[in-house]
Amino acid sequence: MTATPNAAPAISCKGVWQVFGVNPKKNLDRALQETGGDPHETAQLLRRRGLIPAVQDVTFDVREGEVFVIMGLSGSGKSTLIRTISRLIEGTAGEIRIGGEDIFAADARRLLALRRDKLGMVFQHFGLFPHMTIVDNVAFPLKMQGMATAPRRARAIEVLELVGLGGREDARPHQLSGGQRQRVGIARSLAVNPDLWFLDEPFSALDPLIRRQLQDEFLSIQADLGKTAVFITHDITEALKIADRIAIMRGGVVVQIGTPDDIILNPVDDYVREFTRDVPKGRHAHVETIMTRPDPLPEMPDDPKLGADMTIDSALAACMSLYQPVPVWGRDGQMAGVVSPRDLAAALKAET
Amino acid sequence: MTDRFSPGTRAAALTLLVGLACVIFAPLAPWLVKWPAALTVPATEWIGAVVTWLADALKPLARMGARALSWPMDWAGWALIQTPFPLTIGAVTALGWHLGGWRMAAGVLAGLGFVLISGYWAPGMTTLSLVAVSVPLALLAGGVTGIVAYKLPALRRPIHVLLDVMQTVPTFAYLTPLLLLLGFGPVVGLIASAIYAAPPIARNVLLGLERVDPDIREAAAMNGANPWQQLFLIELPTASRQIWVGVNQTIMAALSMVIIAAVIGGFDDIGWAVLLTMRKADFGNSLVAGLVIVIFAMLIDRLSGKLAETRPVYSARITWVILALTVICTLIAARHLPASNAINLLGGVTDWMNATLGRFIAAYGPLLNAIKTNAMIYLLLPLRIGFDHAVTPMTWGFQWSAPISAAYFAVAALLAAWLGWRGRLLAALVLLLAAGVLKLGITHLPWPFVLFGAGALGWVAGGRGLAAYAVILLAIILVMGLWEPALLSLYLSGTAVLICAVVGGLIGLLSALSPAMWRVVRPICDLLQTIPMFVFLIPVLMFFQIGEFSALLAICSYAVVPMIRYTRQGLVSTPEDQVEAAISSGANRRALLTEVRLPYAAPVILLGLNQTILYAFSMLVIAALIGTTDLGQQIYLALGQGDVGLGVAAGAAMAMLALVADRLVQGFARKQSEALGLE
């Protein structure tokens, strides 16, 4: 979770459009000319002409080593965007650079090489090959690289152990549970040790409990490997939990890009606010985003030892611990007991 | 690696050993190759006696039923022929508009117009009258069977088995016992076609009912419907689409069988017209008559197929206008209308076609003959009687001899050794088996080898039960004394299936890769599947005369379609996420095809192969008309001689062969699906 803000971007998208329909390129050019390049009006014009502008004029950079989450409801264009970046579908207009290289200009051979060496992808419905064993599934990208049988099996088993599936290598996909299947998907995407890691709603098809488990494991793997990851989700809590930065999409447009704290505390519009409304802010926002540095410093007799990266809930609990226990009154007007403010705060931050 | 001790490898190795043993001991024990006549059960006579006794007992009743049936049949025939043709054409055109708009109406008009000017209007109407009576019978019988099977789950399995058998028993085999029972006459064709056409509707009714959403069924029950209300008000209407699919298949089957029944003769229908003109080598006229059949088939298929689709509502007013116009025109022209059988505008055309065909044969006869002869010498003969008999100075220019044999097996052994060394033991064993079969010829295979091989296949595909099933059915054929024609059937259908698998597989593959190709192939497949089997004989006969090669061509052109369709379908239906996963793993087009699409499609392709095998078997019997020597020919002969024992026994043998092949391939398909976790 440590992004170095000054590194060169791993992925850079500039004015990316993805339009579906007849003759998308031509129609987009014409519409852009007619509207003088205004993206919003262009999109409306395209819709009127029966085309679907799934991604509209999207611009952002993904930094080296960060987890960049693209979040939005279904139909917001997030899956289309990640497929445009990985060029599973051809973009209509704009520029996407991966490690400085113009990906739209890459020919088939170069694209193949990129996919074999630099990119890994995890799919919502796993995309496992039913006719192969687990280990063959994981070794498939290595096979495509042309690696010999023995080393590729060894590497695949190594990755399987990383995702906690050691010993199951000769099972078939249908013999595994959903969570285990996605572990295989993750292992496969990491087999070639890619620089860029694309995850398309990897945990959306799983039960909530398994989902949480895999999120934690994703974080621990990511802490070890430090990949540059583009992660798609429709779940705001998932986004807040794993993201270094979040891009929120609606109707093909990126409406806000920011750190989880930014998104929670300073939503740009009602749409984003609506998303974060049910999020317990205290659990996701951090002290450093709301602290100030007054000059001169006021008198501060108490010091609960707050850290800048503490969540607001934790900080509150720490502050509360400074207070003495207080009485609690029963319905009959008699004192029923005592409670310590510290215990109250601790009860609130029960699970994180 | 794991292949080394797989069941397939073990089964192949044992089969090879049995084959070797048979070949080694054959000179000492000739009964290994030829089943001794002394041990043959005179099954054909027994069956003949039983069936004849049964038929005699049932005859009075059956004949009464036949007489009862001949009423509506005669009436329908009379009505269809006596109805002035403009009225018929107009009414069907109106129906075409109602079901499919102006395109369908135009199709009907053009099609029936051709029938009219072809001079085959009257025979055509006779055929349709038979269909018109047999279809309701089939629908009633099949529909009731389907509902009973649905309502009484205990009966479901036996009914499924019965339907399987009914659909694998070759068409001609129905005819002989019916002839005995009912005597000569069109009623035989009628009943045969009703029996033959009942299974599709039974199957589809059952399937449709089984597929009704449980929610709907439970909602009906909770709303207070009793079981019969539930069935008729809720379940049957919900299943209607599937049922209409069944209706379409039933009508097509009835038409096909009515035309085949023409071989009994004595009834002036369109099938008889084809048969007669074919026998006279008047191919111009057989083509025209065949075309009439194709037109009927296509119109009936498209019209009844529309019933199973959601279709736009076409204005009823126009339907009425067409009908009114028709009636008016008919009334005005009634006096001046020529009799329908007096119209024949194509006489000149057929003469010209015959002349052209004559010139073509004169010019390219040697080429056609060369094709035929080469196919016989280099493909059919070796498969049939093996290299050691097929390779003679007359055919290949030299005599097959012991040293050649030795060299041949040495090469095979070397190849096998190389494959084995590469770790592909199963492939090596299969290669050796194939070499042995080619050397001996399918019809000279020792019976223990065939039985053991079938058992081994069954064991690999479905365990002990399937192995026993295959061995027992084949043993029955052996003991009945029909082994030789059965092997001939196996050889002919096997060759056809092999060709279909290669050619159809390739076309299917190309169609999957190129949508443009599929746009061309698809309508051809549609057409080939609509044409009744009988019609395939005409063009083959025109160019290659009577003989095994013509039979093979006819079988292939009929049986190749499922292979094409299923191969393509299997290849294009790979789930999108798997395709994307493979591409993002760096698979190129080739790797995507061989590593992901093909393995995923394997079970579907196997089902296509299964269909192709069944198609080939059913065509085998029809091909008997143009010169084969197998079981189909026995059935056909029995029909001519009224030998009911031989007819039933040979028909049963044929059905058993088909059932064994069907179960084996389905077993492999199921295994493959299970390995993919699809079932």
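Colleague: Is the crossing in which helix 20 of chain B passes helix 22 of chain B left-handed or right-handed?

Modeller: This is a predicted model, in which local features need pLDDT of at least 70, side-chain atom pairs count only at pLDDT 80 or more, and totals for chains, interfaces and linings use all residues. Residues are numbered from 1 along each chain as its sequence is written, while chains are lettered from A and ligands numbered from 1 in the order in which they are written. Helices (H or I, at least four residues) and strands (E, at least two) are DSSP runs, numbered from the N terminus. A crossing is left-handed if the near helix is turned anticlockwise from the far one by less than a right angle, and right-handed if clockwise; where helix 20 of chain B passes helix 22 of chain B, the crossing is left-handed.

Colleague: At what angle do helix 20 of chain B and helix 22 of chain B pack?

Modeller: The axes (lines fitted to C-alpha atoms, for helices over the stretch in contact, with angles from 0 to 180 degrees between N-to-C directions) lie 10 Å apart for helix 20 (515-530) and helix 22 (548-572) of chain B. These two helices are therefore oblique to each other, a word kept for angles other than those under 35 degrees (roughly parallel), over 145 (roughly antiparallel) or from 65 to 115 (roughly perpendicular). Their packing angle is about 135°.

Colleague: How many nonpolar residues has the contact of helix 20 of chain B with helix 22 of chain B?

Modeller: Residues are in contact if their C-beta atoms, placed from the backbone, lie within 7 Å. Here Trp518(B), Val521(B), Cys525(B), Leu528(B) and Gln529(B) of helix 20 meet Ser557(B), Val561(B), Ile564(B), Arg565(B) and Arg568(B) of helix 22 of chain B. Ala, Val, Leu, Ile, Met, Phe, Trp, Tyr, Cys and Pro count as nonpolar, Asp, Glu, Lys and Arg as charged, and the others, Gly among them, as polar. Besides two polar and two charged residues, the contact has nonpolar residues numbering six.

Colleague: At what angle do the axes of helix 19 of chain B and helix 25 of chain B cross?

Modeller: The axes of helix 19 (483-513) and helix 25 (631-641) of chain B come within 7 Å and cross at roughly 120°, which makes the two helices oblique. Pro485(B), Ala486(B) and Ser489(B) of helix 19 meet Leu631(B), Gly632(B) and Gln634(B) of helix 25, a contact of three nonpolar, three polar and no charged residues.

Colleague: Which helix of chain B gives the largest share of the side that touches chain A?

Modeller: In this interface, 18 residues of chain B are in contact with 21 residues of chain A. Helix 23 (576-584), helix 24 (589-623) and helix 26 (644-676) of chain B each give two or more residues. By class, the chain B side has ten nonpolar, six polar and two charged residues. The largest share, six residues, comes from helix 23 of chain B.

Colleague: How far apart do the C-alpha centres of domain 1 and domain 2 of chain A lie?

Modeller: An automatic or database assignment sets the domain bounds, giving domain 1 (62-95 + 106-278) and domain 2 (283-349) of chain A. Five residues of domain 1 are in contact with four residues of domain 2, and helix 10 (260-265) of chain A supplies four residues on the domain 1 side, the largest share. The C-alpha centres of the two domains lie apart by 38 Å.

Colleague: Which residue is the bridge partner of Val19(A) in strand 2 of chain A?

Modeller: Four strands of chain A form an open, antiparallel sheet in the order 2-1-4-5, where strands pair if DSSP finds at least two bridges between them. Eight bridges join strand 1 (9-20) to strand 2 of chain A. Within strand 2, the bridge partner of Val19(A) is Pro53(A).

Colleague: Which residue takes a positive phi in the hairpin of strand 4 and strand 5 of chain A?

Modeller: Strand 4 and strand 5 of chain A pair in the antiparallel sense over two bridges, and Ile98(A) has Glu101(A) as its bridge partner. Two residues lie between the strands, and the one with a positive phi near 55° is Gly99(A).

Colleague: Which are the edge strands of the sheet of six strands in chain A?

Modeller: This open sheet has the order 6-7-8-3-9-10 and mixed pairing. Its neighbouring strands are turned by 15° against each other on average, direction ignored. Each edge strand pairs on one side only, and the two are strand 6 (119-122) and strand 10 (253-258) of chain A.

Definitions and conventions: Contact = placed C-beta atoms within 7 Å.
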